[in-house]
Amino acid sequence: MTKAANKSKGPRPKHIPQRTCIACRKTDPKRQLVRIVRDADGRVAIDTTGKRTGRGAYVCHDPDCWDLALRRGMLVRALRLESLSNEDRTELEQFAAALGKEMRVS
């Protein structure tokens, strides 16, 4: 029997990249998590495309995970920062609050 005969027939399943939430440590497909990126200037922003350059970290869409990541410094550690600027923290907290409203409406 040849090697070709041993292979399964049909198309290969498409690879789906997996990422882990820094707060709850749950693994999900990359597109189901929110990516936060630290750019070369040290600024932190939400990466909606998932393609911005810089150090990235992933958090669930769960407001509790966002609260945990910000409160316990998990985001600062994952992005290898000294600390979050007040502007960046405010932006991230507003995003988390919007997630909380979104989940209550659904």
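This is a predicted model: local features need pLDDT of at least 70, side-chain atom pairs count only at pLDDT 80 or more; totals for chains, interfaces and linings use all residues.
Here a residue is called buried when its relative accessible area is under 20%, exposed when over 50%, and partly exposed in between, using a 1.4 Å probe and protein chains only.

Residues are numbered from 1 along each chain as its sequence is written, and side-chain values use heavy atoms, with hydrogens and water left out.

**The overall layout**

Helices (H or I, at least four residues) and strands (E, at least two) are DSSP runs, numbered from the N terminus. Take contacts (heavy atoms within 4.5 Å) between residues at least 6 apart in sequence: 46% of them join residues at least 24 apart.

**The core**

A nonpolar core is a set of buried Ala, Val, Leu, Ile, Met, Phe, Trp, Tyr and Cys residues joined through side-chain atoms within 4.5 Å. The largest one has 27 residues, and I22, I36, W66, L75, L84 and L92 have the most contacts inside it.

| Element | Residues |
|---|---|
| β5 | 55-59 |
| α2 | 63-71 |
| α3 | 74-78 |
| α4 | 86-105 |

Strands β3 and β4 also give two or more, while α2 gives the most, with 5 residues. What does I36 touch, leaving out residues up to four places away in sequence? Its partners include V44, A57, W66, L75 and L92.

**The largest pocket**

A pocket is found on a 1 Å grid over the protein atoms alone: it is an open set of points where a 1.4 Å probe fits, with protein on both sides within 12 Å along at least five of seven lines, and lining residues have an atom within 4 Å of a point. The largest pocket is lined by 13 residues, with L33, V34, R35, D47 and T48 nearest its centre. Strands β3 (34-38) and β4 (44-47) each supply at least two residues of this lining.

**One spot on α4**

Helix α4 holds A97. Why is A97 classed as partly exposed? Because its relative accessibility is 40%. A97 and P63 sit 34 residues apart in sequence, and their C-alpha atoms are 7.0 Å apart in space.
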